[in-house]
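Thanks for making time. I will go through one structure, a few places at a time.

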Amino acid sequence: MRISPTRRGKILILAAAGTLGVALVNVNITTCLTASGILSVLVSSFVMSLFSLNRLELKRGPLKDGTAGGKISLPVMIKNSGRGTRQSVIVSEAVPFADKKVLNVPVQPLARNANIVITRQVYAAKRGFYKLTYISLVSGDPAGLFRTVRRFNLPGELMIYPESVKLSYMPIRIKRQIASSVLGRPIGISGMGQEFFGVREYRHSDGVRFIHWKSSARHKKLMVRDFEANASTKVSIFLETHRKSTGMDETYSNLEYLIKTAASIVNYLSGMYCQILFVTSTEKDRVWVSTGEAFGVKDRIMNSLATLMSTDCRIDELLRVESDYVRPNSILYCLTMSETPGITKYFDILTERGVDIRWIHAPAKYFLSPGAPASVHEPADLGMFLEGLVPFIARQDLNISRMLSYG
Amino acid sequence: MADMFQHTPLNSQAKTAFSVPERMPLHYAYFLLFGASMLSALWQHAHPGLTIVLVLSLIPAAFISYIPLRILPREFRTYLQIAVITVAIVWAVIRLFHKVPTDKLLIEMICILGMSLAFSMRAAEYGYMLLISVLLLVYGALLPRTMYLMILLPAFFLLMAIVYKSRLNALSGEGPNQIFRSSIRKNWLPILIHMCILVPLWIYFYSILPTERKTGRGIFVVSFSNDNDLYVPPQFANWLTSEKIKLSGEQPGDSNRFVPGLRAEGQSKSGPPVSSSGEKASSMDSSGSGSGAPGDEMVFRAKSPVKFYWVGNIYDFYDGVAWKQSPSFKKQHLKWDLAVQRFTKRVEQNIVIEKWISPVLFAGYRASYYSINFPLYAATNRSFYNERLTEKQPYPKLPFTYTVTSELMNVESLGKMKKPVSLWGETLSRTHYLKLPGKRISERLKNLSKRLSSHLSGDYERALAIRDYLRTNFVYKQFSSKTPKDRESVDYFIFDLKMGHCEYFASSMCVLARLSGLPARVVTGFSPGNYNALNGLFEVHEYHAHAWTQVFCDKKGWLTIDPTPPGEIVSRTTPIGIGSLHDPFGDEWKVTPPELTESTLNSLKSDDVDDVFSSPERAAVNPAPSLLSKIFMSMAMAPEKIGSALDKAREDLSGGKPKGKDTFSFKDIFTSVKSNLMLIAQKIASGWKSFMKWFFSTSGSIFLIMIMTAALFSIKTPGIYRKIKNRLTIRRCVKRLADLEKLKKTSPCENVKLCYNITRKALDAAGWPRLKNMELFDYGATLNKVNHAFCNNVLVIYYIYSKAIYSSDPPTVQDAETVLERTRSITSFILSYTKENKKPTHSSLLK
């Protein structure tokens, strides 16, 4: 337990020292009265602050992961085991993922043996994995001159996933399709996929709306439609995390924008039957790859996006390593920050393979600070892109949903 | 809870057209506290006009926060703030030109700047306003005035209310963007405990702080005078004082007429024996008719190098009841004796009358020359010892100033003469002052006089012996009984009453002195008054009205012998430490007659006092007042000018630079602090000794036992009360069960519900309450730890109750019977369980 004077406490201490000093030299009734009054306030406040946090217990409630841009709930339970009512206290915790680094929530006076649950809600501004260590109870004397702080070691972990935009529509049909494989197989789960494969018997988990009534009438049992597994969309996402190309702002940089874009894409695709190849560079792995069914790899990708930091790896390195694994007739979302002229040759190769490349380029200069007016896109900025594929230049104020909807 | 803990981010202001700036809780309390602090710092110290303007504009300034932003946008508020700050700077410059002392200037500026905070009133600015208020209160403590004492307590309560209300904000350390409102009502108990600790501590700390005045230098040299709680600054004089000249006890309709000596009974606030009620000024009744309640108002100020008793009237004839002025005394004048005049020194006094209490123009004995401005000079009556205004003239306007020159015997030089010199300069003989009404003076009084003084040879020694006898054996009492009609006053006082006011003492002294052969007479007037060390003036108030005796001693002349016990003579010096001056007169005059004190003798040696013969022209002509006197007389009403005037005067007189006002000695401060700290330590030590002595005494032991009993009672009583309450609840539950017998057949559903309620109540009373959000059956299952059968019974009741509530089939009679039976066994189990003094706690169930 730690006791320290608050700001007003310090002022009163100075005032007490001053008036006492004067009272010891300029002796008169008023200086003595004032000095003794201020001293008595200080001493009584100090005495009361010593006992302000006695017999108070604190427990942390279960933590639930959240999403940046949303509210995170941090419940705690406080119990007053003392004999009497406790005056109002403040529950204080460091919340590095919020704009305000410290969350202070007042608690009403606690009756004897009262046990209450406080649901603290905080707006998560930053993504990441956070380890919460301790919660402090702050109380003091009734006048607020001395602050008593008692720390409770209550560890907890919290994952704040990156914010994603809810996309109403994103075109995932490739523009030019080279002949696909003839090997087909059913997906086995009703409602997923795009190419009709056939009908099969109804299973308990199938949706009622996929019942094929004609077949059901013919076979005299419920039959549902099934779709072609191989006919599902394949989407590749290459996300660049080049440090030197990343903007300074922690929350509103171009990297965050691209992460948000990637998260939005993954979220959307997880509701479709898609194959995702996600490639990026992390601090641990120079090239980090995650591939699989969208709904299966979604959590892995989101976890990775949540803790993604800038690295030295450029997009061309990612393409060099992983471009061979980009399937033909797939869609490639290339999210870049750096101006790397060499990547166009990879794009040429991929284009020949029938890959529909959707290149989103977010240079740092368009992500200066929140509220800064968007700069006008000038033709000169496209100088390096005039030969070959032209990227979509993302800016801070550009709506991700609209950007992705245009394809 | 939402009401109490309102997170109110200030940056998310309502954007409606009628939004007002966010106000802190107790918004007006901040302004009231600020106003009280301003008053404490500015009252009778700063510019009166500024004081009034600031105080009057306080409430309108507080109201500005209620004006919607649409009418007064934030930008305009900021402009207003800037305008007020500009005014503060301009004011400071103006005051600098007037050479106002730095501390006063700073305080005025701070007050104006504090007012500027009222316009924008962001949350942070409330904090600044509070800080300024504390600063002003601390500064105001330096100025010991009644106003401060009146302000201190309300300001203290306002301050405590504000800090209690804004406690959470202070604890959280939140910036101005969030206001946590805490409820005083819900936190009343800790607040009460806080105050209960605070008040005794305040009393204790005050008691150990040294309040005896000690000599020494202070660290603050400021240009104000203090103890002037009723002093009206000159700028206000024309506004607040009426044109009428105020007499104490004036009669309606007679406001401009001077009625010498007469005052209606009961109207006088002061009780000087100068003029008794119903009697003319030519007599003094020693039996106490003149002792009305003394007032506090200032009568006059005097500038004098010598500490005088201010003579009003002298009485020489005693008839056994009252002292009077005999016709021969009134007419007498002094003989001019060259031999005597050689040892006479003239002491000039400058007097400023503040209140007309008497027509007498007071002066030290013996006033020889008055310098009064025309036209009053011709309208005075002169006696051999003073002057007084006549009946014909109305009282002059106040303040009224005059200069008087008194002649004092230089006793020191007289003592060096080899040849004895007769100092008797009056036309009346010495025996005149020995006369007493022979028949009325009792034998025992004569015997007493002989006993006191017969063994002493010198006049002075005999006078002191009689004086000391009266001082040590009699008690001063302001309101004492009148002498019975058939008794002689002095005899009644000395042998029966033994306590009385100054007139009794003076009369007794005079009678005993005369009986001892010492010429003596009774004098009425004022005691020396309070010496103001800052401006060097004696401030004489109504309560200084006094009566004493003059005794003639060979080689010393007429001496002021005051038989009243010294502690009863009110005489204060300004608190030592403020200013670089201290009381040069000391307390010796209470022991030694003022004419013989060291300070008087030293003054008579100094150049401030003229020799009668030093300048023959001056002996005949009214001596011109010195530069210092001129300055004082013209500057007496403007405290802030005294400093610069004094500096100038010193420059003129000394020809060098005046002593810097800010010079002070660290050694003196250190000595002061050290001595006062030692005094505190002594007080604490002696306090502890007394406490320990008391603690181990009988009364302390009894008190301790009482406290322990009360503490035990307060600790145990809630628990005992709860126990009894729970048992009564359980018994009531058992009693109710008996009533449910009939219900089980007529209304089984109702029966089941009631049984369930009874079961829940009994479980709560027994100490097994259901926790919040706890599922009913889980709750029942936790009782398994207590007793298995008990738990089963509870679960059955819960099951049947759930069926009654949620099922479409109503409970049957058999269900009701089952529930009733189970409830009975539950309640009897609980009764027996609690009888065995087992203490069930829910935490034990949860483990």
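I start with what covers the buried residues of H15(B): the cover includes helix H14 (443–453), helix H17 (502–515), strand S18 (545–553) and strand S19 (557–561) of chain B. Keep in mind that this is a predicted model.

Which residues of H15(B) are buried? They are Asp459(B), Arg462(B), Ala463(B), Leu464(B), Ile466(B), Arg467(B), Tyr469(B), Leu470(B) and Arg471(B). As background, residues three or four places apart in an α-helix point the same way, because there are 3.6 residues a turn.

The length of helix H15 (residues 459–473) of chain B can be checked too. Its 15 residues, at 1.5 Å a residue, should span 21 Å, and the end C-alpha atoms are 21 Å apart, so the two agree.

Next, the contact between the chains. Chain A puts in 46 residues and chain B 56 residues. On the side of chain A that touches chain B, the elements giving two or more residues are helix H1 (7–23), helix H2 (29–50), strand S6 (102–107) and strand S8 (128–140) of chain A. H2(A) supplies the largest share of that side, 16 residues. By type, the residues on that side of chain A are 22 nonpolar, 20 polar and four charged.

Last, a single residue. Arg122(B) sits in the loop between helix H5 (102–120) and helix H6 (123–140) of chain B. Why does Arg122(B) count as partly exposed? Because it has 17 C-beta neighbours inside 10 Å, and a buried residue would need 20 or more. Between Arg122(B) and Ser65(B) there are 57 residues in sequence, but 9.8 Å in space, C-alpha to C-alpha.

Notes
Residues numbered from 1 in each chain as written. Chains lettered and ligands numbered in written order. Predicted model: local features only at pLDDT ≥ 70, side-chain atom pairs only at ≥ 80, totals over all residues. Contact = placed C-beta atoms within 7 Å. Helix = DSSP H or I, 4+ residues; strand = E, 2+ residues; numbered from the N terminus. Nonpolar A, V, L, I, M, F, W, Y, C, P; charged D, E, K, R; others polar. Buried ≥ 20, exposed ≤ 12 C-beta atoms within 10 Å, placed from the backbone. Expected span 1.5 Å × (residues − 1).
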